[in-house]
Amino acid sequence: TYYTSTFYPYTKPGIEPVFAVVGGPDVIIGRKSKNGGIEVIQHFKEDENLCTACWTREKRMGDPLLIIGGVRGVLKVLNVREGKLQRVLSGHGNEIMCVRTHPQDQDIIVSTGMDATVRFWTLDPKYEKQPCVLILAAEGARDTILTMGFHDTGRYLLTGGVDRTINMWVIPGMDELVPPQPTDKIRTLIYPHFSTSMVHRDYVDCVAFYGDYIFSRAAAEEYIVMWAIENFSSEAPPPKPDEAPPVNGWKDTRSAFGGTFRRLLQFSAPDTSPFYMHFGLWNPENEHPLLVMGNTRGKTYIWDLRMIETFGTGPSSDDEDDSSSESPPLPPGAHQDVIDERLDILIQPHKILETSKIRTPVRSFAFSPDSKYIVQVGEACVISLLNRR
């Protein structure tokens, strides 16, 4: 099974974009070939089962770096230009499930997994002795963290996992995140500024920001939820660390912003019950934003979010009329023309892609920086390159 696909985000215009696929022991670096197929540029074989990867770029030499993680609980930094392992980051106590690059600093890598922590690492050689600069470890958390997603500002991070809880953490600014000098002391945060276990009923295995809105999905539910944290706005100053709500007894939802959350829209995705299936969310400038999700039968669901903003959600899946229902208010700073917020609607895909060659689960999507291609991967080690044009 291939679990993750990701495009190199720093490709210059006019050059065919390069992508990576990981799963099992395989790391495949590829791009579109001249005859329309897939050209494999490099193929690494690792001594472990892998499930996650992200790209960054070495600041000093500009070499493309691919960070991979899996069952061994370490991050491996592959120098793709040189075709070799550059370094290993150790610290997690168990399997790594998700890795991301900080949106504001390509030297900062973030990982999470079965040890219930989120770890921030710097690739700056100055900190080689102790590259871990921050740990997020929610008080009382013992379950695997499966997924995470950054806000574009880099100041907020969503996490979700086996305990059904979605947390939003306020991340220190770039002037605070990395200490000015190397140190063995690692800063630890134990309280997220928002936490809820009420959005989903099962393992949360995919989360993403869409502006200040949130998309998330869980195993066994067969839909994707769009929702918002009440009173949250990224345009406001981030709350201070001591404003994070502590765990005083058990509360299903805790928030430093006042209120709880609003469930806004639900997107129907039949045959997506298995655990660790990821939707893709693409929101480039001057393009229609897309939400995509694969199912267990090899189909790909596509929603054009601009169409929903312009024309509304369309008929509900059960054709019930709820025109009298009252829409919840939008969060501060949100665009007023975004959505029809009727909660009874399961929005059907605007398009369903299907090919006779794929009848196995599709687990991951990646969008090329130039918006031309989508790579999808999944069971049976199938890689599909779709042309959006």
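Guide: A residue counts as buried when its relative accessible area is under 20%. The model discussed here is a predicted one.

Visitor: How many residues of strand E13 are buried?

Guide: Strand E13 covers residues 166-170 and is mostly covered. Ile166, Met168 and Val170 point one way from E13, while Asn167 and Trp169 point the other way, and all are buried. The number of buried residues in E13 is five of five.

Visitor: Which residue in the turn of the E12 and E13 hairpin has a positive phi?

Guide: Four residues lie between E12 and E13 in this hairpin. The phi in question is about 75°, and the residue is Arg164.

Visitor: What is the bridge partner of Met168 in E15?

Guide: E13 also pairs with strand E15 (residues 194-196), in the antiparallel sense and over three bridges. In E15, the partner of Met168 is Phe194.

Visitor: Which strands stand at the edges of the open sheet of six strands?

Guide: The order in this sheet is E1-E2-E3-E4-E5-E6, with antiparallel pairing. An edge strand here has a single partner strand, so one side of it is left without a neighbour in the sheet. The edge strands are E1 (4-7) and E6 (84-90).

Visitor: Where in E2 is the residue opposite Ser5?

Guide: E1 pairs with strand E2 (residues 18-32) in the antiparallel sense over four bridges. The residue in E2 opposite Ser5 is Val21.

Definitions and conventions. Residues numbered from 1 in each chain as written. Predicted model: local features only at pLDDT ≥ 70, side-chain atom pairs only at ≥ 80, totals over all residues. Heavy atoms only, no water. Pairing = 2+ DSSP bridges. Helix = DSSP H or I, 4+ residues; strand = E, 2+ residues; numbered from the N terminus. Buried < 20%, exposed > 50% of the residue type's maximum accessible area, 1.4 Å probe, protein only.
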